Every structure is written in C-alpha cells, then in structure tokens.
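User: Could you walk me through a few packing details of this protein?

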Amino acid sequence: MTEPRREPALAVDDGIEPVGISMDAIRARAAARLAGALAGSDARRYGRIVRSAGEVLHASGLRAPIGSRCLIEAEAAGAAPLAAEVVGFEAGGLLVMPELGTRGVARGARIHVESTAAAPLLGPALLGRVIDARGAALDGLPPPAVTAPWPLLGMPINPMARARIGRVFDVGIVAINALATIGRGMRIGLFAGSGVGKTTLLGMLARHAVADVVVVGMIGERGREIREFVEDHLGHARARCVVIASPADDTALGRLHGAYRAAATAEYFRDQGAHVLLVVDSLTRLAMALREIGLATGEPPAAKGYPPSVFGALAGYVERAGNGTAAQGSITAVYTVLVEGDDHVGDPVADAARAVLDGQILLTRALAEAAIFPPIDVLGSLSRPMPALVSPEHLKLAARFRALWARRAEKQDFVDLGAYAAGRDALLDEALRRAPAMEALLRQDMQVGTSFAASFAALQALFSETPG
C-alpha cells in the first residue's frame with residue numbers, strides 16, 4: 001500500500017507560517033515585518049480626514065505626537081497641500097488644526113505627518129524684514145536667506161545657569177528710566193486700555209532702547225496698524241528690527257505660531273550673544289488664540305471662558321525670555337496686556353501676567369486726557385529688580401517723587417474745590433509747588449530719546465531746585 005505524500009516542514013524564516021499558529025499570531029508577525037520594512041524605507045503613511053468640528057479636523061489612520069506638523073492634500077489638481085498641526089487625539093485618531101483654516105478641505109482627504117517638531121529657519125538675514133507667522137515675506141522683498149533651524153517651542157535653559165539681572169536696560173524714556181528702571185533680561189508687562197497710546201510707546205521703545213536686535217511680534221493686530229507701525233514708528237531703527245506679523249484675520253493657530261516664532265527669533269539672536277528687546281503686542285490676543293484652540297479640542301472653560309491650560313502656556317511663554325547663560329546674550333521682553341474698560345484688576349489674563357512678570361508699566365486714560373504723553377502712571381508702574389540696579393540716591397529720589405505724586409492725586413479734589421488751605425500739609429504743599437516740574441519730567445517727545453544718565457540727572461535737577 002502506497003504511503004500518503006508528506007509535504008516538507010516549512011521554517012518560520014521562509015516567510016510562511018507553519019500549520020497550528022493562530023491567525024492573531026500570523027497578523028502580529030506580518031504587522032511587525034511591515035513596520036520594520038517601512039522603518040527602513042522612504043515609505044510614507046497616509047491617513048484620511050473623516051470629520052470636522054469648527055476649525056478642528058479629525059484624521060484617522062495616523063499616529064503622531066501633539067505638536068507634529070502635517071500636510072493635507074488639496075482637492076484641486078496641482079494645488080499646494082495645506083499645513084496643519086496635531087492639537088490633540090481621541091480614540092479614533094488625531095485632532096488636527098490647519099494653519100490657514102479648514103476652507104477647501106474635503107471629507108476623505110489624505111493627510112500625512114511631515115515632522116514631529118516644528119523648527120523655523122532663522123538667521124541674520126531677518127534683520128530689517130517683515131514676515132508672517134509662517135516665515136513668508138510681507139514687505140514685498142524676496143524670501144530672507146535663512147538656514148539655521150531653531151525649535152518653535154524654544155530650548156529651555158537651566159534656571160541656575162541663567163545670568164542674574166544686574167545691569168540697567170536703557171529704554172530711552174525718562175519716566176521709565178528714572179522711576180521704574182528696567183534691568184537687562186527683565187520681563188515687563190505694558191498694561192493699557194484701547195486708544196491710550198500703547199502703540200506709540202512701543203515705537204519709542206523700539207527706536208530708543210539700547211539693544212542689538214529688536215524683535216516685534218504683532219499678534220492679532222489690525223492689518224492697517226501693522227503697516228503704520230513699521231513705517232511711522234520704527235524709523236531709523238528698522239534696520240535692526242525683525243517684525244513678525246499675524247493680523248487679526250489670521251487663524252488662532254496662525255496667531256499662536258506668530259507669537260512662538262517671535263520668541264524663537266529672539267532666542268536665536270540671544271544664542272548668538274546679542275542683547276535683544278522682544279516686544280509682543282499683545283499677550284492678551286495670544287491668550288485668546290490659546291482659548292480658541294483649547295475650547296475647540298474639548299477643554300472645559302474656566303475664568304471668563306479661558307481653559308486652565310491657557311495660564312500655564314502663558315507662564316511658559318514668558319519664561320522663554322530673560323538672560324541666557326554666561327556665553328549667551330539676553331532677552332528683555334515687553335508684553336502688552338489689553339485691559340477691558342481700563343479694568344486693571346478683574347481681567348484674568350492681566351492677573352496671570354502680573355504673577356509671572358518682573359514688573360509692569362501702566363498707561364492711564366486720565367493722563368492721556370491731560371495731554372501727558374507717554375501717559376505712564378508712576379504709582380501703578382513697578383520694577384521689582386530696581387533696588388538692585390540703581391544707586392541709593394536714585395532709589396530715594398524716585399520714592400520721593402512717588403510720594404509727592406500720590407499725595408497730590410489723593411487730595412486733588414479738595415484742592416480743586418478750594419477746600420484746602422496752604423500750610424496744613426507740608427507734603428501736599430511741596431507736591432503742589434513741584435507739580436509743573438514733575439509733569440514736565442513725565443512728558444517726552446516721541447521722536448526724542450533720553451538716556452538713562454540724562455534721565456537720572458533730570459530727576460536730580462527736579463529736587464535740587466527750590467520750587468517757586
């Protein structure tokens with residue numbers, strides 16, 4: 001009797017699984033082989049857009065960390081792909097937000113991951129240029145020749161390795177130099193309502209501050225104001241300035257990237273040893289962009305609709321400025337904070353900013369209406385490191401100025417009504433006699449800068465003269 005034919009045993013290495021292995025094991029091994037093959041090749045994995053919710057798109061079939069940059073294929077033939085960022089994930093896939101909005105994205109559009117960490121290209125060629133949140137030129141000139149990548153989210157510095165704030169940062173403005181002296185590497189908040197003179201003061205800072213590089217981040221500003229600021233306020237300082245503009249009609253992600261690109265640009269120049277002035281206008285609109293993104297990804301609203309993550313992000317953003325190591329330069333940062341209805345207390349963004357900044361400059365409508373420009377409220381303005389930056393004489397004279405200004409403000413109503421008789425309050429009498437000279441100290445032509453030494457000399461002269 002003939003024996004049945006026997007098939008030769010197959011080894012696992014032959015690529016065919018032996019009889020008796022479960023289908024799950026076969027699928028697992030096949031997936032492992034496929035993953036290994038893809039890892040060693042230039043193959044690209046694609047997913048699909050399956051759903052949209054506002055500005056957020058849901059992508060299936062992809063796996064990538066939050067913050068990754070993706071490209072979505074456009075429906076129109078020959079159209080450029082749309083850039084997007086992973087802002088969250090869910091059980092069925094990723095949550096992505098296009099940089100330019102969702103218009104033009106079709107259901108089922110293919111999407112792939114381009115990089116897991118954004119790193120814009122930077123370099124000295126940015127000086128004198130105006131670019132948008134994505135690095136494209138806005139000034140009508142060719143794209144800047146930049147080749148040095150820098151992480152969009154920055155490079156953290158060990159706080160123990162940072163240089164201490166020990167040198168004065170001359171801003172060229174008498175009221176700040178004399179009464180709220182800023183140190184190199186400080187983070188200052190400029191608190192103001194709308195129409196008080198914030199933009200004018202920022203222009204004065206950009207022109208007159210003693211800095212190697214000035215980086216201006218215009219976040220959420222009206223498009224008209226961007227051109228006016230560059231052409232009317234920067235003046236001769238434009239050659240040392242880099243302007244990153246993300247206007248009000250930009251997407252929330254675009255505004256966020258504009259602020260981050262401004263900080264990254266300042267960090268790059270600090271790493272080259274330069275002393276940088278970073279001006280961000282405004283921190284409030286950055287918080288609004290973070291709020292839009294947070295709410296779109298499902299975060300619960302808290303104070304005035306801001307998710308809790310917004311305040312942590314603001315603190316992290318502010319920490320990117322400051323002094324570098326001994327081998328690096330510094331970033332002295334001025335962040336504007338818009339206060340609703342001149343309410344400097346009840347705004348949650350203003351409260352959060354004050355908690356993480358090194359000082360504040362307040363602009364008040366009352367001084368602007370009295371034709372005192374810049375309208376800096378010396379009583380509400382504060383520089384925490386000032387005692388370690390100036391001489392004891394300077395500190396004493398600044399405190400005396402504040403005391404006289406405060407007493408006059410406190411009793412001004414009685415004086416106006418004629419209810420005060422001279423001689424009853426020696427401090428008020430001196431404040432009233434010196435009032436014209438004190439107001440003159442605060443007034444300054446926007447085209448004229450005053451050095452720190454000249455500002456201190458003016459403060460000394462004010463108290464050396466006997467009031468008439």
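Predicted model: local features only at pLDDT ≥ 70, side-chain atom pairs only at ≥ 80, totals over all residues.

Analyst: Residues are numbered from 1 along each chain as its sequence is written, and side-chain values use heavy atoms, leaving out hydrogens and water.

User: How are helix 12 and helix 13 oriented to each other?

Analyst: Helices here are DSSP runs of H or I, at least four residues, numbered from the N terminus. Axes are lines fitted to C-alpha atoms over the stretch in contact, with angles from 0 to 180 degrees between N-to-C directions. Helix 12 (residues 426-442) and helix 13 (residues 452-464) pack at about 175°, axes 10 Å apart. Angles over 145 degrees count as roughly antiparallel, so the two helices are roughly antiparallel.

User: What is the distance between the end C-alpha atoms of helix 6?

Analyst: The expected span is 1.5 Å times one less than the number of residues. For the 14 residues of helix 6 (residues 283-296) that should give 20 Å, and the end C-alpha atoms agree, at 20 Å.

User: Which residues does L442 touch, not counting those up to four places away in sequence?

Analyst: L442 is among the residues touching the most other members of the largest nonpolar core, which has 60 residues. Such a core is a set of buried (under 20% relative accessible area, 1.4 Å probe, protein chains only) Ala, Val, Leu, Ile, Met, Phe, Trp, Tyr and Cys residues joined through side-chain atoms within 4.5 Å. With contact meaning heavy atoms within 4.5 Å, L442 touches A175, L179, I372, F373, P374, V378, F401 and W405.

User: Which residue with positive phi follows helix 6?

Analyst: Its phi is near 100°. The residue is G298.

Definitions and conventions:
Parallel < 35°, antiparallel > 145°, perpendicular 65-115°, else oblique. Buried < 20%, exposed > 50% of the residue type's maximum accessible area, 1.4 Å probe, protein only.
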